[in-house]
Structure formats: structure tokens, C-alpha cells
Amino acid sequence: MIESARPAAPLRYTRVAIALHWLTALAVLGLIGIGLVMTHGDLTAIRRFQLYQWHKSVGITVLGLSLLRLGWRLSHRPPPLPAALPRRERGGAHLAHLLLYALTLGLPLVGWALVSASPFNLPTMLFGTVPWPHLPVLPEMANKAAVEAWLKDIHAWGAWFLIALLLLHVGAALRHHWVLRDDTLRRMLPRLPLGTGARP
Ligand code: HEM
């Protein structure tokens with residue numbers, strides 16, 4: 001008999017993948033909250049400025065975390081989806097995960113671009129200490145105000161799309177855990193034993 005050279009798929013995500021996932025989740029939730037308050041809240045100018053700086057700092061951190069996640073994901077095999085999952089749901093899960101990667105990378109880049117194109121040319125100081133540069137080209141453009149307005153719209157629509165996708169993602173994870181009772185959520189948690197959710 002010829003044995004396959006490929007090692008068996010892991011049962012759960014690695015500790016690094018789990019840590020990156022929950023750190024990113026926490027930071028993205030914070031960004032959505034800060035983003036909505038700083039743009040729609042009734043704030044003093046100084047408070048608004050402070051929240052913008054927090055938003056930019058955490059947003060750039062998410063960009064770094066997402067690059068690390070992508071590198072880790074491409075170099076480490078993830079556990080497979082439950083074998084019983086219908087093909088359509090399998091495709092839906094892959095598409096949702098791909099979009100989540102695209103948005104957690106794309107939204108910070110668009111945010112960075114819109115700050116770089118701003119006619120106010122405000123500096124970014126990450127967590128009040130590290131000066132963060134603008135992207136090239138954008139600060140020198142003649143029609144900066146129009147480009148900034150266009151990037152703001154993309155950033156806001158992208159954020160609302162991400163919120164919808166996150167609700168779907170969390171809903172799917174809870175359905176797997178409480179209704180289908182498989183290991184999908186448990187394998188993204190560091191301590192819970194696997195295979196304990198099956199109905200008696
Ligand atoms: C995953 C990452 C990010 C998420 C989820 C996010 C989310 C949001 C949200 C929900 C808003 C409010 C949109 C609205 O309803 O008007 C917003 C606005 C904003 N974000 Fe982000 N953001 C991210 C990354 C960044 C980064 C990295 C920067 C800059 C370095 C940035 C800069 C801004 C700015 C300047 C605004 C205000 C735009 C305006 O004045 O209309 N964002 N963001």
C-alpha cells in the first residue's frame with residue numbers, strides 16, 4: 001500500500017493563529033465603535049481629534065496584524081471544515097473568509113490613503129508616540145479634496161459591509177456551536193476540548 005506523504009490535517013488552529021484571530025476581532029470591534037462615534041457623535045474638537053488619532057493607531061495595528069495573519073495562514077494548514085457541511089455552505093464559508101481577509105487589509109489601506117489625501121494634512125502619531133508617514137503621491141495631488149471625499153465614501157461603505165459580514169460570521173459560528181454542535185468554534189478557542197458538543 002502506498003502511504004500519502006502529506007501529514008494529517010490539524011484538528012484545531014495553532015496558538016498563533018488563535019491569538020491573531022481574537023486580537024484582530026477585538027481591534028476591529030473597537031475601530032468600528034470609535035469610527036462611528038468620532039464621525040457621527042456630538043463631540044468637542046479636541047475629543048474628536050483624539051478619537052481620530054486612536055482610530056488611526058488601532059487601524060494601522062490591524063493592518064500589521066492582518067499581514068501577519070495572511071502570512072501565517074498561507075504557511076500553515078488550517079483544520080478542515082466539518083465533513084458533513086454541504087458544498088454550498090462550504091463555498092459560502094470560504095468566500096466569507098476571503099472577504100474578511102480582503103476587508104481587514106483593504107479598509108486600513110483606504111483609511112491610510114484618505115488621511116494622506118486630506119487637504120488638512122494632519123499628522124498621524126501612533127498611540128501618541130510613533131510618527132506615521134502619509135502614503136506617497138496622494139499628498140501632492142491637485143484635486144486632493146475630491147479624492148479624499150471619494151476615499152471617505154469607500155471607507156464608510158466598506159466598514160458597513162464589514163459589519164454585515166461580521167454579523168454573518170458570528171451567526172455562522174454560533175449556529176455551528178449551538179445548533180449543529182460541531183467543533184468549528186471550539187477549534188478557534190485555545191482550551192475547550194474538541195468533540196464534546198455532539199448530541200447524546
Ligand atoms: C479594519 C480597519 C478599519 C475599520 C473597521 C474602520 C472603520 C471605520 C468606521 C466604521 C468609520 C466611520 C464611517 C462612517 O460611518 O462615516 C471610519 C472612519 C474613518 N476612518 Fe477608519 N477603519 C479602519 C481603519 C482605518 C485606518 C487604518 C485609518 C487611517 C490610518 C482610518 C481612518 C479613518 C478616518 C480618517 C475616518 C473618518 C472619515 C470621515 O471623516 O468621514 N481608518 N472607519
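A few ground rules come with it. Residues are numbered from 1 along each chain as its sequence is written, and side-chain values use heavy atoms, with hydrogens and water left out. Since the model is predicted, local features need pLDDT of at least 70 and side-chain atom pairs count only at pLDDT 80 or more, while totals for chains, interfaces and linings use all residues.

Let's start with the metal. Which protein atoms are donors of the ligand's iron atom? They are NE2 of His55 and NE2 of His155, lying 2.0 Å from the iron; a donor here is an N, O or S atom within 2.8 Å of the metal (3.2 Å for Na, K and Ca), and water is not among the atoms, so sites may look incomplete. His55 belongs to helix H2 (residues 45-75) and His155 to helix H4 (residues 144-180), so the pair ties together parts 100 residues apart in sequence. Helices are DSSP runs of H or I, at least four residues, numbered from the N terminus.

Now the rest of the ligand. It has 24 residues around it, and Met38, His40, Tyr52, His55 and His155 come nearest; being around it takes a heavy atom within 4 Å. Some polar contacts (pairs of N or O atoms within 3.5 Å) look like this:

| Side chain | Ligand atom | Distance |
|---|---|---|
| Tyr52 | oxygen | 3.0 Å |
| His55 | nitrogen | 2.8 Å |
| His155 | nitrogen | 2.8 Å |

On to the cores, meaning sets of buried Ala, Val, Leu, Ile, Met, Phe, Trp, Tyr and Cys residues joined through side-chain atoms within 4.5 Å. The largest has 13 residues, and Leu100, Leu103 and Leu162 are among those touching the most other members. Helices H1 (15-40), H2, H3 and H4 each supply at least two residues of this core. A second, separate core of eight residues includes Ala113 and Leu138.

Finally, two partly exposed spots. Gly106 has 26% relative accessibility and is found in helix H3 (residues 87-117). Ala9, at 30%, sits in the segment before H1.

Terms used. Buried means under 20% relative accessible area, exposed over 50%, partly exposed in between (1.4 Å probe, protein chains only). A polar contact is a pair of N or O atoms within 3.5 Å; within protein, one must be able to donate a hydrogen and the other to accept it, and residues adjacent in sequence count only if both atoms are side-chain atoms.
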